[in-house]
Amino acid sequence: MSTSAVYNATVQRIRACDSNFKDECYIYEELNSEEQGEDPRQLDSAVPRRYRKRDRLRDLARNVLPVTDSTDVSSYKGDNQITAESDLSRPDRTLWIVTTAALPWMTGTAVNPLLRAAYLTRSHKSVTLVIPWLENEKERNDLYSTAHIHFSCPEDQEIYIRNWLSTSAAMSDAAIALKIVWYPAFYQKTMMSIFAKTDICSLIQPDNPHLDAVVLEEPEHLNWFKAAGDSWTSKFSFVVGIIHTNYKAYAANANAIVGPVAATFVSGASTLMVRAYCHKVIKLSAVLQSFAPEKEVVCNVHGVRSDFVNEGRRRGNSIVVGSDAAKPLCSVYFIGKILWAKGLDRLMYLEHFYRKVTGDYFEIDIYGDGPELPEIMRAYHGRSSGQKRRAVSKFVQCFYAFGGDFDSDFIEEEDEDDDESKAESMQQTEETKPKPWEFTRRSLSEFELPKSIHEYRLNPIPAVFHGRKDHAQLTEQYSVFVNPSITEVLCTTTAEALAMGKFAVIPHHPSNTFFLQFPNCLAYNNKLEFVANLQWALSHEPEPMTDEQLYTFTWEAACERFIRASGVTIRESRIKAKSQKSKMDERIAFMHNQINQLGHHSGEAFRAALAGGTSTDNLQDMTPPEKEEGVEVSLASEVKESKVNDVAKSKTSIMSSLPVVLLAVLFYYLAFFLKM
């Protein structure tokens with residue numbers, strides 16, 4: 001009902017109840033006269049006066065009608081109450097938490113959802129964690145190799161997770177109460193992410209079409225390559241999405257040429273997936289893009305383990321008592337995934353500026369692992385002169401092997417400390433020298449070319465790489481944590497370092513806004529402030545943390561923030577209903593599901609075109625049979641015929657799926673112009 005219709009109905013209701021308003025309902029009010037309350041028709045004055053006609057009935061109706069704001073949505077008493085569907089504080093709620101990673105992969109999307117689910121088991125009726133199981137054994141070994149653990153089935157990995165909860169997290173009660181459900185997945189090495197092979201929503205109690213509430217950790221990641229199946233918002237009464245990762249920033253920094261285009265594509269696709277499958281969106285920090293303004297809220301809903309809080313309390317008590325323990329020789333450290341995108345390139349630039357200001361580098365210990373660890377180590381340690389001479393020597397040998405004229409004066413200019421490589425190059429004879437192609441292949445395999453411009457550095461930085469280690473074990477030996485990353489959404493290691501009562505030297509960035517409230521957070525705006533903050537931290541002791549500050553880091557406080565941030569007020573639901581954007585979100589989900597249902601080959605081609613792999617139901621048709629031992633195919637004709645058949649099948653599949661791929665491109669292209 002419109003505002004005017006409500007007003008007319010209110011006027012009629014007042015006239016029916018009060019006889020005074022049946023006839024004359026107007027009064028005349030003077031605008032510029034001191035006489036108040038007099039009838040202007042009784043006044044006799046030569047001074048011109050101005051009056052206005054005031055409707056008493058309208059005044060009374062305004063007191064009855066609700067007040068409207070700039071959004072033209074009525075406000076009523078009790079509008080700030082939380083709707084029943086979004087009230088997750090009730091202990092009778094049944095919660096499902098779906099994430100994109102699992103232990104022993106020590107990443108934020110594996111640890112934080114696990115701890116959130118574990119702490120919620122203490123206050124809720126039933127909590128189930130839904131995590132991926134890598135069906136490929138090689139992928140499991142590659143991803144979990146640093147933990148030196150091998151799993152043959154999901155039950156083995158579940159035992160490891162429950163043991164970690166009981167020992168490392170000290171939550172033996174949650175290790176028993178927590179329910180765990182697995183979904184088949186694969187690891188995409190290029191994107192360094194895990195994706196589902198089937199529709200996760202359909203795996204969760206397939207016989208029950210109406211479930212309570214679900215929390216999607218990284219909803220955009222979970223639904224980019226979603227297989228055809230049920231919609232989250234139709235199966236669950238309430239869906240909360242928590243955005244962990246700034247995929248837009250990662251895509252933009254991946255390549256200088258294609259990065260901006262990829263960032264636009266990723267941003268648009270993420271907006272569509274979040275809008276389509278979430279009732280409420282929680283962004284960990286303001287650094288993230290806007291997905292759905294009427295749904296989203298910025299709030300840190302992460303906490304740290306009790307080990308870090310206990311260490312912060314112990315460190316604070318030792319400082320109050322007056323401990324005179326000497327500072328360690330290297331009290332600066334960094335811990336995290338060893339990637340250039342995690343700020344290690346910025347750390348190198350800060351090292352150079354620190355040396356420019358103070359005359360020397362600052363020592364730092366680096367903990368963690370990652371696929372870019374070897375090249376980052378080479379960049380920090382620098383390529384020594386001996387390595388360069390050996391590279392030149394290999395080039396000269398390769399040139400000589402191909403019949404070139406060898407110039408001995410080129411080698412004689414080398415220093416005497418590299419006599420071994422010099423002798424190897426000079427002792428080549430016509431009888432012993434290898435074939436040109438053999439020598440080239442061996443030389444290229446022995447000498448690894450630089451993968452980044454940072455590896456051309458000369459001077460080594462005093463950085464020691466210790467590999468992977470639990471952050472809770474780095475207690476007394478360090479007092480300063482340095483993290484220059486600006487691609488994080490909310491850095492967990494920064495929260496852990498501050499909870500342990502250490503200094504955290506971090507950039508002044510929207511992703512670090514939550515940490516600025518703590519006294520030991522030393523934020524810098526430029527390189528000069530970084531040098532000043534680091535030198536101050538190296539010469540002072542951190543300030544002891546209060547009980548209130550320590551409680552802010554706990555998972556109990558994080559769960560309280562999560563429940564508050566998940567709530568949708570009655571007024572917010574009314575604004576959303578009036579905007580009619582929920583219908584648009586339903587259309588997006590419907591279109592996304594219809595594209596994935598366009599036939600066997602077409603649906604799989606769509607997922608393959610988006611690097612999403614194939615669903616589990618079709619793996620048997622697309623996986624070649626294993627070769628039996630001792631069986632060899634010797635007929636070239638059979639091999640040739642099979643290749644021809646494979647090419648013909650692939651062409652047919654591509655041609656049949658071409659309309660679907662084009663439709664998918666158009667579907668995601670809508671996101672470029674979707675300004676929500």
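P104 sits in the loop between β5 (94-98) and α3 (108-120). In this predicted model, the peptide bond that leads from L103 to P104 is cis, with omega near 10°.

Q205 has a positive phi of about 45°, although Q205 is not a glycine. Its place is the loop between α7 (200-203) and β9. Because its relative accessible area is 38%, Q205 counts as partly exposed. E218 also has a positive phi, of about 65°, and is not a glycine either. This residue is found in the loop between β9 and α8 (219-223). Its relative accessible area is 1%, so E218 is buried.

The strand β9 (residues 211-217) pairs with β10 in the parallel sense, over six bridges. Within this pairing, V214 has V239 of β10 as its bridge partner. Strand β10 covers residues 236-243, and seven of its eight residues are buried. Strand β10 is also joined to strand β11 (residues 280-283) by four bridges, and these two strands run parallel. Here G241 has V281 of β11 as its bridge partner. In a regular strand, side chains alternate between the two faces of the sheet.

V258 is placed in the loop between α10 (247-254) and α11 (259-277).

Charged residues make up the next part of the picture. Side chains of opposite charge can pair when their charged atoms come close. The structure holds 21 salt bridges. One of them joins K280 to E572, with the closest N and O atoms 3.9 Å apart. This pair links distant parts of the chain, since K280 is in strand β11 and E572 is in helix α23 (residues 570-579), 292 residues apart. K280 is buried because its relative accessible area is 7%, whereas E572 is partly exposed because its relative accessibility is 34%.

Another salt bridge is formed by R305 and D307, whose closest N and O atoms are 3.4 Å apart. R305 has 7% relative accessibility and therefore counts as buried. D307 has a relative accessible area of 28%, so D307 is partly exposed.

A further salt bridge runs between E488 and K342, where the closest N and O atoms are 3.1 Å apart. This pair also links distant parts of the chain: E488 is in the loop between β16 (480-482) and α19 (492-499), K342 is in the loop between β13 (332-335) and α13 (344-358), and the two are 146 residues apart. E488 is buried because its relative accessible area is 16%, and K342 is buried because its relative accessibility is 13%. Each value is under the 20% that marks a residue as buried.

Some charged residues are linked in a network of salt bridges: R275, E294, K295, K581 and D585. D585 has a relative accessible area of 4%, so D585 is buried. Apart from its neighbours within four places in sequence, D585 is in contact with R275, A276 and K295.

Helix α24 (residues 581-596) also holds M584. M584 counts as partly exposed because its relative accessibility is 24%. How far apart are M584 and R275 in sequence and in space? They are 309 residues apart in sequence and 8.7 Å apart in space, C-alpha to C-alpha.

Technical notes:
Residues are numbered from 1 along each chain as its sequence is written. This is a predicted model: local features need pLDDT of at least 70, side-chain atom pairs count only at pLDDT 80 or more; totals for chains, interfaces and linings use all residues. Side-chain values use heavy atoms; hydrogens and water are left out. Buried means under 20% relative accessible area, exposed over 50%, partly exposed in between (1.4 Å probe, protein chains only). Two strands pair if DSSP finds at least two bridges between them. A salt bridge is a side-chain nitrogen of Lys or Arg within 4 Å of a carboxyl oxygen of Asp or Glu. Contact means heavy atoms within 4.5 Å.
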